[in-house]
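Subject: Handover of a structure and notes on its sheet and helices

Dear colleague,

Please find below the structure that I am passing on to you.

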Amino acid sequence: KLAITARLQSSGFQGAPEYVDFTYDTLFEKNYSGPGIYASALAELAATTIEHQIFDPISDYLHNVFHPSRDLVWGGDAIRWAAGMVAQFTVESNLREELRQDFFDVISAEKPDLVAAHSLCTLVTFDFLHNDARAKNITPFEYLTFGSQINNVFVRSRVWPGRLMMPNVRSWTHLYNPQDHVFTADISIPDTTNFASVKTPSAAGHSPVRTADGPGYLDHPNT
């Protein structure tokens, strides 16, 4: 929040922005079906990143990888955490339906000017924008995605196959760090004037903000 506020103020924004958190860990816990259900999806997902060697042997951590925690570092543990959550997201259609409903409820009530989504939240928000018919009638907002798996080959094949299309938003800015190996991918939407992909190369990897290794997505000089 501090990084977003700083960027807004540096661009001439006056006043104090109001933030609304969108959380979903309880829905993932509620729709957890056990590691055996997600093993195949996890293996496919692991193959999409150069970091996939950390998953050998998969059986050593299959149980723990599907129990989300926000208390992990931006390293191997973050990759394991993300792997389990992304795999569960792609497999559980009921989970995605509940997430779409919760997101719709929040944006209907709050009517945000900006939706800023990091990592798994980019999948949750884009799934609504892409797969929910109600998205055509919402009040459009500015859309910011970073550390995103939206264009990951495995995720796209499971959840939104085909060409990525511009959703019903005022504009979409996608921040991409080539040094972020948490199943992220750059996005390109040709012939669209209100979409921009911005490279934010940094050894900070998946972190939204600065670490000892360098700037994060939100406080990167290119952002």
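The notes that follow take the sheet, then the helices. Please bear in mind that this is a predicted model.

Four strands form an open sheet in the order 1-2-3-4, and their pairing is parallel. Strand 1 (114–118) and strand 4 (195–199) stand at the edges; each has a single partner strand, so one side of each is left without a neighbour in the sheet. On average, neighbouring strands are turned by 15 degrees against each other, direction ignored.

Strand 1 and strand 2 are joined in the parallel sense over five bridges, and Val 115 has Tyr 143 in strand 2 as its bridge partner. Strand 2 (residues 142–146) also pairs with strand 3 (residues 171–176), again in the parallel sense and over five bridges.

Leaving aside residues up to four places away in sequence, Ala 196 touches Trp 172, Thr 173 and His 174. Ala 196 and Trp 172 are 24 residues apart along the chain, and their C-alpha atoms are separated by 6.5 Å.

The helices

Helix 7 (residues 120–131) lies across strand 1, strand 2 and strand 3, and runs at about 130 degrees to strand 1. Helix 7 also meets helix 6 (residues 93–110): the two axes come within 9 Å and cross at roughly 90 degrees. Helix 6 is therefore roughly perpendicular to helix 7.

On the side of helix 6, the residues in this contact are Arg 96, Leu 99, Arg 100, Phe 103, Phe 104 and Ile 107; on the side of helix 7, they are Val 124, Thr 125, Asp 127, Phe 128 and Asn 131. Sorted by class, the contact comprises six nonpolar, two polar and three charged residues.

Finally, helix 3 (residues 35–46) has Tyr 38, Ala 41, Leu 42, Leu 45 and Ala 46 buried. These residues cover an arc of only 135 degrees around the axis, which puts them on the same side of helix 3.

With kind regards

Note on methods: Residues numbered from 1 in each chain as written. Predicted model: local features only at pLDDT ≥ 70, side-chain atom pairs only at ≥ 80, totals over all residues. Heavy atoms only, no water. Pairing = 2+ DSSP bridges. Helix = DSSP H or I, 4+ residues; strand = E, 2+ residues; numbered from the N terminus. Axes fitted to C-alpha atoms, helices over the stretch in contact; angles between N-to-C directions. Contact = heavy atoms within 4.5 Å. Parallel < 35°, antiparallel > 145°, perpendicular 65-115°, else oblique. Nonpolar A, V, L, I, M, F, W, Y, C, P; charged D, E, K, R; others polar. Buried < 20%, exposed > 50% of the residue type's maximum accessible area, 1.4 Å probe, protein only. Arc of directions from axis to C-beta.
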